[in-house]
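Good morning, and thank you for making time for this presentation.

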Amino acid sequence: MTTSAADQVQLPARVRHALGKRVRFLRRQGLTPARLYGSGIDSLSVEVETAVLQKVLAKVGRSAPVSVMVEGDAEKHLAFVSGLQRDPVTSSIIHVDLRQVSLTEKVRMSIPIVLTGEAPAAKLPGGVLTRPLQLLEVECLPLDLPRQVVVDVSGLAEIGQVIRVMDIRLSPNISVRTDPDAVVAAIHFERAEEEVKAEAPAEGAEAAEGAPAAEAGAAGAAKGEAGKAEAAKGGAPAKGGAPVKGAAPAKGAAPAKGAAPAKGAAPAKGAAPAKGEKK
């Protein structure tokens, strides 16, 4: 559905004689300096009433043509608002450019998209209506140009449904230049904030529960490594273990049963001399 600009809004204007720095006096009188230029016309300095200009902009914006009526000129000038300057502090309009177009030449403009109706799916738990696309680019003759494109969203009954540019029906005289697959409106599922907050502590608790087990395993591994290091140091056998082959007995320890005393060492008290040895 479109709203046509064929019934143009009129904007009265007068030829402007105040130029340069003198235009500030016009603004004090409630007038806005403007420039009319474009197809079939020499650039013309004009002035328009600020209050009337604001009403025209509120009604048609900058995407629809207006009929500029210059005082003393019987011709109607079909023009678009092509440039708008505002005061950086007060945001009041300080200058406007009006571009005249030919009735027989196509123009390309971005038209605002307006959503209408209520999407049933937006009332479902978690259902949220989004509108990624705000403007629709079209091409057509000036008088066929729509002021806005109205899209009905009452058919969005399920979460996940979308309306794309290709679903919009326009007049055959209007060519759409926006990507046909672009999404105009859609219903998405969005979890409630309370559910997201409830899941966060549960995940933290699971991580904390696994921490002691990991710490215990690390401590056991460290203890085993320490035992290996202690055994390697000094080469002493563990308690009750057999001595290492070829290793000398510890100081003051009796030799193993049946073992010969060390060379040059006196035999143990009461021990029989070795075979072939004099008493």
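**Overall fold**

The secondary structure of this chain consists of three helices and 14 strands. Helices (H or I, at least four residues) and strands (E, at least two) are taken as DSSP runs and numbered from the N terminus. What you see is a predicted model, in which local features need pLDDT of at least 70, side-chain atom pairs count only at pLDDT 80 or more, and totals for chains, interfaces and linings use all residues. Residues are numbered from 1 along each chain as its sequence is written, and side-chain values use heavy atoms, with hydrogens and water left out.

The chain has 279 residues, and 27% of them count as buried. Buried means under 20% relative accessible area, exposed means over 50%, and partly exposed lies in between, with a 1.4 Å probe and protein chains only. Among contacts between residues at least 6 apart in sequence, 67% join residues at least 24 apart; a contact means heavy atoms within 4.5 Å.

**The barrel**

I turn now to the barrel. Six strands close into it in the order 2-4-3-7-6-5, with mixed pairing. On average, neighbouring strands of this sheet are turned by 45 degrees against each other, direction ignored. Two strands are said to pair if DSSP finds at least two bridges between them. Axes are lines fitted to C-alpha atoms, for helices over the stretch in contact, and angles run from 0 to 180 degrees between N-to-C directions.

How is strand 5 paired with strand 2, parallel or antiparallel? These two strands pair in the parallel sense over five bridges, and A13 has V70 in strand 5 as its bridge partner. With strand 6 (residues 76-86), by contrast, strand 5 (residues 66-70) pairs in the antiparallel sense over four bridges. There, V68 stands opposite H77. Strands 5 and 6 form a hairpin with five residues between them, and G72 in the turn has a positive phi of about 85 degrees. Strand 5 is mostly covered, as four of its five residues are buried.

Helix 2 (residues 50-60) lies across strands 2, 3, 4, 5, 6 and 7, running at about 150 degrees to strand 2.

The loop between strand 6 and strand 7 holds S91. Most residues other than glycine have a negative phi. The phi of S91, however, is positive, near 65 degrees. S91 counts as partly exposed because its relative accessibility is 42%.

**Beyond the barrel strands**

Strand 10 (residues 135-140) has two partners to point out. Strand 8 (residues 107-116) pairs with strand 10 in the antiparallel sense over six bridges, and R108 stands opposite E139. Strand 13 (residues 175-176) also runs antiparallel to strand 10, joined by two bridges. The bridge partner of E139 in strand 13 is S175.
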